[in-house]
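These are my notebook entries on one protein chain. I record below what I looked up, entry by entry.

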Amino acid sequence: MQRKLHRLLYFIGMREELAKTLLSLPHGDNDRLPSVRTLMNTYRVSSGTVQAALASLSKAGKNQRIQGKGCFWVCSGSGHAQQRLPQA
């Protein structure tokens with residue numbers, strides 16, 4: 001039980017750290033984020049960790065995921081970004 005808790009806390013920490021790292025990178029509105037595979041290789045984390053970090057950012061309204069297109073940064077508080085993003 002304690003080992004599972006340790007793994008869960010490690011995963012949550014990695015997810016949050018990756019999300020902070022992505023936010024700290026220079027980016028503009030509607031810029032495309034690197035692919036999951038690129039992030040996995042760059043930061044040496046699993047696809048689950050990358051997906052969780054991207055989902056965390058998406059829930060916070062920082063990015064938008066479009067199936068088959070990728071993830072894109074969105075404007076904070078402005079509806080303009082969604083109109084200019086590639087359509088699925």
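What share of the contacts in the protein chain with a separation of 6 or more comes from residues 24 or more positions apart? I found that such residues account for 46% of these contacts. I note that the model is predicted.

Entry on the overall fold. I listed four helices and two strands in the protein chain. Read from the N terminus, I wrote their order as α-α-α-β-β-α.

Entry on burial and surface. I looked up the 88 residues of the protein chain and noted that 25% of them are buried. The chain exposes about 6200 Å², and I recorded that carbon and sulfur atoms supply 52% of this area.

I located L5 in helix α1, which covers residues 2–24. I then asked how L5 is classed, and I noted that it is partly exposed because its relative accessible area is 47%, while buried requires under 20% and exposed over 50%.

Entry on helix α3. I traced this helix through residues 47–59, which are 13 residues. From its first C-alpha to its last it reaches 18 Å, close to the 18 Å expected at 1.5 Å a residue. I listed T49, V50, A52, A53, L54 and L57 as buried in α3. The buried residues of α3 pack against helices α1 and α2 (36–43), and also against strands β1 (63–66) and β2 (70–73). Just after α3, I noted that G61 takes a positive phi of about 80°.

How values were computed. Residues numbered from 1 in each chain as written. Predicted model: local features only at pLDDT ≥ 70, side-chain atom pairs only at ≥ 80, totals over all residues. Heavy atoms only, no water. Buried < 20%, exposed > 50% of the residue type's maximum accessible area, 1.4 Å probe, protein only. Contact = heavy atoms within 4.5 Å. Areas by Shrake-Rupley, 256 points an atom, 1.4 Å probe, with all protein chains shown as cover. Expected span 1.5 Å × (residues − 1).
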